[in-house]
Amino acid sequence: MCQLTNVFFFFYLTPYTDSDVSMPTVNRCLDAAKACNVDDLCQKLRTEYVSVCIKPTAKSGLCNRSKCNKALRKFFDRVPADYTHELLFCPCTDTACAERRRQTIVPSCSYESPEKPNCLTQMRICKRSVCRSRLAQFQYDCAPSETSSTGCMQDNYGACLLAYTGLIGKCYNNPNYVDNSTSSVAPWCTCTNSGSQKDECDDFLGYFADNICLRKFGCIHIADLIHQKVKAILKQDKWISLDRCLRLFSKHGEHCLTTGA
């Protein structure tokens with residue numbers, strides 16, 4: 001996925017003033033969590049799934065993964081994407097931010113297990129369950145293309161983003177960030193010991209871990225939100241000068257040129 005300057009979350013979550021030209025370093029994922037907390041529905045359903053996912057069962061002392069996934073799916077289905085996507089895809093430049101992003105879906109319950117299963121086994125389980133249609137949609141909407149400017153064969157990064165989040169909670173093996181030092185995502189599985197089907201396994205895992213559409217769509221989606229934020233500011237203050245707009249949005253000044261500032 002991508003890394004951006006602080007401009008996106010700074011303007012997305014706070015009003016602007018002349019003093020905001022010099023923008024502080026912030027944890028974008030922390031700001032996304034704060035934004036969720038001030039929305040009643042987002043805060044309620046986020047608290048609900050976190051509580052379910054960290055609660056140990058009386059019998060085993062482990063979490064109930066099935067209930068955790070159900071609560072996660074409820075969150076992503078009912079909370080507006082403005083909140084869910086910024087929690088899940090917030091851009092990071094340091095490990096503290098990236099770890100908060102990785103923890104979004106409570107991976108100790110919904111993602112990880114003591115051992116990594118074979119990816120082919122997980123794929124076959126998925127194709128025999130309700131996950132099948134979600135996986136097919138993801139593979140279609142996030143099909144990579146080296147020739148497309150978006151990196152996506154369908155040229156629809158928004159559809160890819162929705163298809164990716166659509167897997168969470170529906171498929172037993174949810175995709176997630178693999179660590180807090182990169183933006184790489186993958187299901188919790190391995191292609192070790194795949195024998196003659198190693199290529200098939202690698203293709204499945206590569207659709208997550210080495211997919212140019214997934215790497216690029218976050219950048220494009222965030223740039224689009226910056227563009228929308230500029231338009232919102234201009235709507236409130238249509239006399240803002242091009243110079244001021246360029247100063248406020250720093251390296252993203254191209255959005256000023258396309259919104260009539």
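## Salt bridges, cores and a helix crossing

Lys198 and Asp202 sit 4 residues apart in helix H11 (residues 198-209), about one turn of the helix. That spacing matters for side chains: an α-helix has 3.6 residues a turn, so residues three or four places apart point the same way. Here the two side chains meet in a salt bridge, 2.9 Å from N to O. Lys198 is partly exposed at 35% relative accessibility, and Asp202 is partly exposed too, at 32%. Keep in mind throughout that this is a predicted model.

Elsewhere, salt bridges with shared partners link Lys44, Glu48 and Lys74 into one network. In total, the structure has 6 salt bridges.

| Salt bridge | N to O distance | Relative accessible area |
|---|---|---|
| Lys74 with Glu48 | 3.1 Å | Lys74 26%; Glu48 27% |
| Asp77 with Arg73 | 3.0 Å | Asp77 48%; Arg73 7% |
| Lys198 with Asp202 | 2.9 Å | Lys198 35%; Asp202 32% |

What does the bridge between Lys74 and Glu48 tie together? Lys74 belongs to helix H4 (residues 65-78) and Glu48 to helix H3 (residues 40-54), so the pair connects parts that are 26 residues apart in sequence. Both ends are partly exposed, Lys74 at 26% and Glu48 at 27%.

The Asp77 and Arg73 pair stays inside helix H4, with its members 4 residues apart, about one turn of the helix.

Leaving out residues up to four places away in sequence, Gln43 touches Cys36 and Asn37.

The buried set is Arg28, Cys29, Asp31, Ala32, Ala33, Ala35 and Cys36.

Now for the nonpolar side of things. In soluble globular proteins, nonpolar side chains tend to be buried together. The largest nonpolar core in this model has 48 residues, and Phe75, Leu135, Phe138 and Tyr164 touch the most other members. Which residues does Phe138 contact, apart from neighbours within four places in sequence? They are Ala143, Ala163, Tyr164, Leu167, Tyr207, Phe208 and Leu214. There is also a second, separate core of 5 residues, including Cys90, Cys92, Cys97 and Ala98.

Last, a helix pair. Two packed helices are described by the angle between their axes and the distance between the axes. For helix H8 (residues 119-127) and helix H9 (residues 131-141), the axes come within 6 Å and cross at roughly 115°. That puts H8 roughly perpendicular to H9, because angles from 65 to 115 degrees count that way. On the H8 side the contact is made by Met123, Cys126 and Lys127, and on the H9 side by Cys131, Arg132 and Leu135. These residues divide into 4 nonpolar, no polar and 2 charged. Leu135 is also one of the residues that touch the most other members of the largest nonpolar core.

Note on methods: Residues are numbered from 1 along each chain as its sequence is written. This is a predicted model: local features need pLDDT of at least 70, side-chain atom pairs count only at pLDDT 80 or more; totals for chains, interfaces and linings use all residues. Side-chain values use heavy atoms; hydrogens and water are left out. A salt bridge is a side-chain nitrogen of Lys or Arg within 4 Å of a carboxyl oxygen of Asp or Glu. Helices (H or I, at least four residues) and strands (E, at least two) are DSSP runs, numbered from the N terminus. Buried means under 20% relative accessible area, exposed over 50%, partly exposed in between (1.4 Å probe, protein chains only). A nonpolar core is a set of buried Ala, Val, Leu, Ile, Met, Phe, Trp, Tyr and Cys residues joined through side-chain atoms within 4.5 Å. Contact means heavy atoms within 4.5 Å. Axes are lines fitted to C-alpha atoms, for helices over the stretch in contact, and angles run from 0 to 180 degrees between N-to-C directions. Angles under 35 degrees count as roughly parallel, over 145 as roughly antiparallel, 65 to 115 as roughly perpendicular and the rest as oblique. Ala, Val, Leu, Ile, Met, Phe, Trp, Tyr, Cys and Pro count as nonpolar, Asp, Glu, Lys and Arg as charged, and the others, Gly among them, as polar.
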